[in-house]
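Hello,

Here is the structure I promised to pass on to you.

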Amino acid sequence: MKVYISDGNPHCIKVLAALELTGVKCDTEVVSHEERVVPHFTHPVLPVLLLPDGQHLFSPNSICQYLFDISSQNPTDATNQWLEWEATNLQPAVLQSLHMVALQGKHVEAAAVMKEPLNWLEQSLSRKNTPFLTTEAVSVADIVLWAALYPLLSDSGFDAGELRSVRGWFERVGGLKACQTAAHRVLQGKGVEALKTFLQKLPATQTQRRDSPTNANEAGDGEHVMTEEEIEEAAQVWSEGLKASPAVTERKHPILPQEGKRNVLLTSALPYVNNVPHLGNIIGCVLSADVFARYGRLRGWNLLYVCGTDEYGTATENKAREEGLTPQEICDKYHAVHAEIYQWFQIDFDFFGRTTTERQTEIAQDIFWRLHERGFLLEDTVEQLRCESCQRFLADRFVEGECPHCRYPEARGDQCDKCGRLINAVELRNPQCKVCKETPVIRSSKHLFLNLPKLEDELEQWLDKSTGSGDWTANARHIARSWLRDGLKPRCITRDLVWGTPVPRQEYKEKVFYVWFDAPIGYLSITANYTDQWEKWWKNPQQVELYNFMAKDNVPFHSVVFPCSLLGAQDNYTLVNHLVATEYLNYEDTKFSKSRGVGVFGDMAKDTGIPSDVWRFYLLYLRPEGQDSAFSWSDMALKNNSELLNNLGNFINRAGMFVSKFFDGRVPEMLLNEDDKRLIAQVRWELKQYIQLLDKVRIRDALKCILNISRHGNQYIQVNEPWKKIKGGDGDRQRAGTVTGVSVNVACLLSVVLEPYMPSVSQTIRQQLQAPPTCVSTMLQNTGTFICSLRAGHCIGTVSPLFQKLENEQIEVLRKRFGGQQTPSSSSAAVETKPRSGAAQDTDPERVKQLTALVAEQGNKVRVLKAQKAEKSVIEKEVVTLLDLKKQLSLAEGKNPEPAAQKGKKK
Amino acid sequence: MALRELNSLERFLGLKKPNKYSTQGGKKVPVLQNNNGPALIGLVTIASHLVHEAQRPELLGDSAEQRAVVQQWLEHRVTRLDNSSKEEVKVILKDLNQYLEDKVYLAGNDFTLADILMYYGIHHIVVELAVQEKERYLNITRWFDHIQHYPGVRHHLPPVVVLRNRVYPSGHH
């Protein structure tokens, strides 16, 4: 029998205390939090008890119960009840509360969370006259509850309130030696501090209240309950309508910080130039930052969004050799590829630059000299492989050999692709120069190091301030903290390469700066290439707020290493205020792989025939916030068809169509009754949520608010049935008018909130509705204002469907194409997509006639078969043919067959 | 919901006199009023109590190991499966499917209370699964079908149709 525990895991206190108390003999093994001991669980679960018969116990309470059970203390109704209460009520509150205490320093809120369960415990204990929970003696219930509460109740900053009975019982159980030993072993005398790592790794679902508004949205059934006042206020605001609102300010370059404005500088991680970015790269940095940039501009912030390609390094040199070009030519070629991809995805950079520029050399060398003058650089010799025939040191990827760990024969100089371990190039067995295949020799070479330990204190102070006041994602905080906790070591900033920013010292003239030192400086130099007054952004922390967007692998460089360079340079640099890091996006349960042809890469997305806006929508819908997510073709089709087509598109289209069809394209009079006001209040509440979430860069969650708005809208139309009322008397017709008018205004709001996510669709909606341009900034002001921006009498334009159905066959073809079995085919293999309705102008009368005849004939055939009671499969086959013919017919007539089918279903 | 489960469980256990239940709090936790002692609170607690009352202790496991395994799946049901979001459900199904790969019942080779309550708790999810998903979670589907046909278990729940033949190619993507 063996128990697996991990350091600083609060659940282990229970198990260790129960083990000590019962004296059961058992091996203990300490593993890391990530260790997946139980093979059937996707996410690691600890502690775990491996039973003699090979089964795993993964519930700490069941482990404790087992240990007591084999020590002849069988479970009773009373112990069962306490254990169940602990698992369902106490534990969720404890985890949430610990998370607040240890990671957010919110002691008051943490105590509030614990109030209810602690009061319950107090009541139960005060009604009993036994010293322990169930009897005169300690039972499994006491151990489990005590251990659950120990980290909180022993924390001096945690104020639990009076609770006399709880205190007495808590001290009685805590007096047991077994409990003290267990507590010390897990917390090591450091209190809740010791639990930080564990808590940071917990999935958000275990540390957040289920009844908070954002989670309720996710669960899909949490409806916000509106008060009367709220409803009246919403109706009031709505009817005020568009006033003389701030004119839409045109973007004028160069954008520079302005006094009295919120000045936001936004960067997304610089993509490495010689890789074509895949969907994961796109959602991880440029697309996420783009949504936030668009949102910020709509909110009226003075915002600059810069990005560019990271071009120096060995990978570029290798690629150049492969393609027989110079490194510069490679960069030129691929920079254009990148720029084109981002353009297709509608990434609206203010400037998209590159790192191989004069300004890069200037600024990087300036920072270097300042670090040098202030004594933050060290010199050391490093053992390195040198190829005598090529006459140079072999950095990283210029050398290959056998992996010293797993013996994989083609390991690279920095890492083994097979086992994933990091390698020091001199450790490789049988190393070979990648260029000439000669065996290199070991030589020492002098290098410069950034003295991180010397900057550690200053960094920590800054980090506390930045993470305390800014919006850092949980993973970013955690990674930065863990780097600091492990202690910083000097880091080499030079490399024996040609393709890089030259080191400006005579004895280093053969060397360049290592990319990690050089690349983040690219943000500065790219801005400098955008405007000579770049220092107004980058040396202006008083006025400027800096947001960095990236995937989590980039966090150490942006949170620790680069800030150290800037802090050490002591030139009043703007340091990151908000670090927004995503987790990884996988591809259909595997990883993206260029070499295996698995996954969709940026340049292929447009060949799929699926519009850029739909790609943006789906990627943002899946944005890996909080945990990894996976791209899936069938899910993409599902989301497109259910959310875009049937929910969002359907609502906007219906609202517009009613105005066109029933009211000659003029928005009708609106006389609001309670139902209308309620809808307006609901929509306003979602709008406020949307703004709150996006202010905190919760991009994926805010998207759900948009979909909720149109869901409310659809329901509203469905209940009020304007298409029936329009045929009724005056009162009914008036009602139809109001519902139509309110709906088309909700559609107008949707176009506004969609802008950051689906810019083209947003634009199209506003064109169709001929919405006044000022409505955008007005509705996104302050905490969100939902107003009637399309007044009675306003003329709308021509309404047409916004989205197309993604068919199963189409999706299957795409899945196969990008599944890696076959080599990615060229763009000529683009899937045929159906023509947009309204776009099919050239109807062919001959073809229509022909098809009409065929449909009639086929219809007859089906009827005859049915009359004959033919076999079901036979009939079905003919029906499919019939439907297909009908579809072809409506296409030939210039109609879109989809919306028709959709409407029939809704009514 | 929980009350209907308990009623079905009582009938499965063949208890003559139906008990009186109430619920507590917003989450509607079941409460069993007891004449000769304090009230019992919680689905797992009450269900285990009923099993004892019916003198069917083997349903809770007949060794300490079995008892612990049964207990942890009962806990899993009320802590993880209940109130889980759509995203979590996917993980729960995937994990359970993996677990059931080499097992007939949740506690191995013996039918226990864990099977009954997991079946009741997972029913609303399995009902919604598309054929393709049922095939993806083949082991769950097999176990589920087995439990719903176990004499006397299903009671208040509609049967879920399970296809015997696979419709979709078995290749995992």
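A salt bridge here is a side-chain nitrogen of Lys or Arg within 4 Å of a carboxyl oxygen of Asp or Glu. By that rule, 1 salt bridge crosses the interface of chain A and chain B. The partners are Asp69(A) and Arg67(B), with their closest N and O atoms 2.7 Å apart.

Before going further, some background. This is a predicted model, in which local features need pLDDT of at least 70 and side-chain atom pairs count only at pLDDT 80 or more, while totals for chains, interfaces and linings use all residues. Residues are numbered from 1 along each chain as its sequence is written, chains are lettered from A and ligands numbered from 1 in the order in which they are written, and side-chain values use heavy atoms, with hydrogens and water left out.

Back to the interface. Between chain A and chain B there are 13 residue pairs in polar contact, both at pLDDT 80 or more (a pair of N or O atoms within 3.5 Å; within protein, one must be able to donate a hydrogen and the other to accept it, and residues adjacent in sequence count only if both atoms are side-chain atoms). On the side of chain A that touches chain B, the elements giving two or more residues are strand E4 (56-57), helix H2 (60-69) and helix H3 (77-104). H3(A) supplies the largest share, 6 residues. Helices (H or I, at least four residues) and strands (E, at least two) are DSSP runs, numbered from the N terminus.

Chain A brings 31 residues to the contact and chain B brings 32 residues, where contact means heavy atoms within 4.5 Å. The area buried between the two chains is about 2900 Å², with 51% from carbon and sulfur atoms; buried area is the accessible area (1.4 Å probe) that two parts lose on being put together, summed over both.

Now for chain A itself: it has 34 helices and 20 strands.

One residue to look at is Leu754(A), which lies in helix H28 (residues 730-754). Leu754(A) counts as buried because its relative accessibility is 0%. Beyond its neighbours within four places in sequence, Leu754(A) is in contact with Leu648(A), Ile706(A), Pro759(A), Val761(A), Ser762(A) and Ile765(A).

Best wishes

Methods:
Buried < 20%, exposed > 50% of the residue type's maximum accessible area, 1.4 Å probe, protein only.
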